[in-house]
Amino acid sequence: MTSVFEYAPAPESRSIVDIAPSYGLFVDGEFVDGSGEPMTTVNPATEEVLTEVATGTTADVDRAVRAARKAFEKTWGPMRPADRGKYLFRIARLLQERAREFAVLESLDNGKPIRESRDVDVPLAAAHFFYHAGWADKLDWAGLGPGPKPLGVAGQVIPWNFPLLMLAWKVAPALATGNTVVLKPAETTPLTALLFAEVCRQADLPPGVVNIVTGAGDTGRAVVEHDDVDKVAFTGSTDVGRQIARTVAGTRKKLTLELGGKAANIVFDDAPIDQAVEGIVQGIFFNQGHVCCAGSRLLVQESIHDEVIASLQRRIGTLRVGDPLDKNTDIGAINSAEQLARIRELSDIGEAEGAQRWQPACELPDRGYWFPPTVFTDVSPAHRIARDEVFGPVLSVLTFRTPDEAVAKANNTTYGLSAGIWSEKGSRILKIANQLRAGVVWANTFNKFDPTSPFGGYKQSGYGREGGRHGLAAYLEGADQ
Amino acid sequence: MTHVIDPDALSGATPAVRAPLAPYDDVTRSGASLRTFLHGLPGVDQVGAEARVAQLGTRSIKTTSKAWAIDTAISMVDLTTLEGADTPGKVRSLAAKARQPDPSDPTTPRVAAVCVYGDLAGVAREALGDSGIHVAAVATAFPSGRASRAVKLADVRDAVENGADEIDMVIDRGAFLAGRYLDVYEEIVAVKETCGEAHLKVILETGELVTLDNVRRASWIAMLAGGDFIKTSTGKVSPAATLPVSLVMLEAARDFRAATGRQVGFKPAGGIRTTKDAIKHLVLINETAGPDWLDPDWFRFGASSLLNDLLLQRQKLRTGHYSGPDYVTVD
């Protein structure tokens, strides 16, 4: 009998997934060798090498685009929309059937806690396929113009923070609208995309409809630059987004970008404080803060600052950091050594600028990439940690005195992806929400996603919308959003 | 420099420089001031509270921590019989079970208390002898609380004289819902005085208060009035103890200690029947109010059928297989 409640380790078994010693590219319905130098992918929680993955060169990308073009012209494009819907439903059900396998693999490759891959990533990915399957034969009634037509071949490049979910956000609407895809997963997290390729085969999806080309930046560039790609969709950093916009400018290609963010989470003095503290935690520490819409700037009304900070400090002391496969882990590993270095650098800058850094006394594993949940108080809007996207479990706390000041500070960013408002007063929520320049505004909650709800940003957070009826427009000829 | 957060400094356990209740000593000066205070407490967002308990419900409790949790939960049970058909014989057999919950394993911990109607408190006291197990009696016109104050206080006096050292009172929900908060407060103060040495558990009957905002306000009234425990339900009204209600009451107890330095216990009662439910509550305490409350002095389960499920799970851990209901005693 121990004196206090120590949860015993509750690790999820990794034996449910078979990781092959090496993986090829998925082109035209087959796994083929890549012509580039293979790369390795590691488990960020242990630095253990998981497997070797092919690198796609320009020639490989060309092969994939040609396969996608052929499938678009011969099978997928001419297919009855209702039949396309059937394939999407089949994929959605397979994702559910193999949910545990996907969750374990995602946690191994990405470092995120199994609680989140199991309860958020995989169910939401399946939900996106279900939702878009429903649209496949109803596009004429989507309010996007009469008889909307697919664009053709979509080149899609996705990030490492939600590898499977971002794949679903990209692939499901593209297929539902009749396009075929060439998708490049992030170099540090390719494994669930390759498992998804297996699901495509299991669903008997016609060859070439979904092609997956693994690799790093060069492979992504080849996808974006390919002449026969009609549509480019990218989620990732603002810097890369800018390069892509330059590349695509002046071509016929349609482009959507979903980039960085520095969201304001505004807590008014009449907020439900206990739930607001949960929302702050969910806003910034969900997925180790590797969330483009993370609530990384807390704007708290000065009159309740001390109370909220005390509650927040107590709360982050209860967060459990460690083995991602332990079902009780709240915060897993940072995805890569590079990202960890960036988080450390920005945090050190925060201190150098005079902000106060608060961290719980948690023990971090010896191996792997780890960063404890961190809160900076006494942050001013002029500090870099209040302006730059950290993309890690680091929260900056600022204060305000009036609603106008809250809005001014919230909008004072080069980004505009999301925001949060905490108040018990409905009229205030509605008024403030209309004044915020952010694609998503959550009220009394944070980081909630749903396939029916459009998602996207203002300013340097990109353009275009994903999800909902609006998301379909990005993959249809002549459809205005 | 990096500030490492010190959990002890945040617990609020040592603001002893202030006199007890110092920040709130004039809150109860009038009905209006009490009302203003209660309505100034932070609101509770129902959706958020439900999401939080759902998230805590996914904590996975295995092997050693499960063994600890089961034994701790057993030691926190207020073994209860509150039926019109209760007899001295039934109370005596319950007392025997309280002393030795599992005859097949003498290492099983004893429960915290036996909870009965006031007229049977004497029987329970005698049967429990010097075992150290408390006798809790429900009083104040339990479960409805619909009687004059004089009758309620007489009920309390009677139970204490019969040997109860813990009194479970019900608040006047009618007065609360009508907004007469000061009446509710004064009645609890009067009952507490009448209790003398006995510990007072204040039952809010949260199923009748309905909203979580009401639950928080009623919790504060009970704590300001000097209740030693706040308790969710009588067990006679559904819904009884739900996890969101427990979350809000634990938050209230935590905030009250941080502000006044005084710790108040918490007792969910009614509807907690399985080991799984009990462990979810232990997780909730651990991560809401903190481990200081993980002790029979500060936390109780009001339950009648929970104990047998805990015993069956305990036997399972010991023997490796599940046994049937005949391997534990009926009462």
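This report describes selected features of a predicted model, beginning with the interface between chain B and chain A and ending with some details of the backbone.

## The interface between the chains

The size of an interface is often given as the accessible area lost when the parts come together. For chain B and chain A, the area buried between them is about 3,200 Å², and 52% of this area falls on carbon and sulfur atoms. The contact draws on 37 residues from chain B and 40 residues from chain A.

Between chain B and chain A there are four salt bridges, and the count of residue pairs in polar contact, with both residues at pLDDT 80 or more, is 16. In one salt bridge the side chain of A:D330 meets that of B:R59, with an N to O distance of 2.8 Å.

## The side contributed by chain B

On the side of chain B that touches chain A, the elements that give two or more residues are β1 (2-5), α3 (46-56), α4, α11 (212-224), α12 (243-260) and α13 of chain B. Among these elements, α4(B) gives the most, with seven residues.

The residues of the contact of α4(B) with α13(B) comprise six that are nonpolar, one that is polar and one that is charged.

## Salt bridges in the whole model

Side chains of opposite charge can pair when their charged atoms come close. Over all chains, the count comes to 56 salt bridges. One of them joins the side chains of B:E166 and B:K201, with an N to O distance of 2.7 Å. Because B:E166 lies in strand β5 (residues 166-170) of chain B and B:K201 in strand β6 (residues 199-203) of chain B, the pair ties together parts that are 35 residues apart in sequence.

## Details of the backbone

Most residues other than glycine have a negative phi, and most peptide bonds are trans. In chain B, however, a cis peptide bond joins B:F142 and B:P143, with omega about -5°, and B:P143 is placed in the loop between β4 (134-138) and α7 (149-161) of chain B. A cis peptide bond also joins B:S238 and B:P239, where omega is about 0°, and B:P239 lies in the loop between β7 (229-231) and α12 of chain B.

In chain A, A:Q288 has a positive phi of about 60° although it is not a glycine, and A:Q288 is found in the loop between α9 (273-285) and β13 (297-301) of chain A.

Notes. Residues numbered from 1 in each chain as written. Chains lettered and ligands numbered in written order. Predicted model: local features only at pLDDT ≥ 70, side-chain atom pairs only at ≥ 80, totals over all residues. Heavy atoms only, no water. Nonpolar A, V, L, I, M, F, W, Y, C, P; charged D, E, K, R; others polar. Contact = heavy atoms within 4.5 Å. Buried area = accessible area lost by both parts, 1.4 Å probe. Polar contact = N/O pair within 3.5 Å; in protein donor to acceptor, adjacent residues only side chain to side chain. Helix = DSSP H or I, 4+ residues; strand = E, 2+ residues; numbered from the N terminus.
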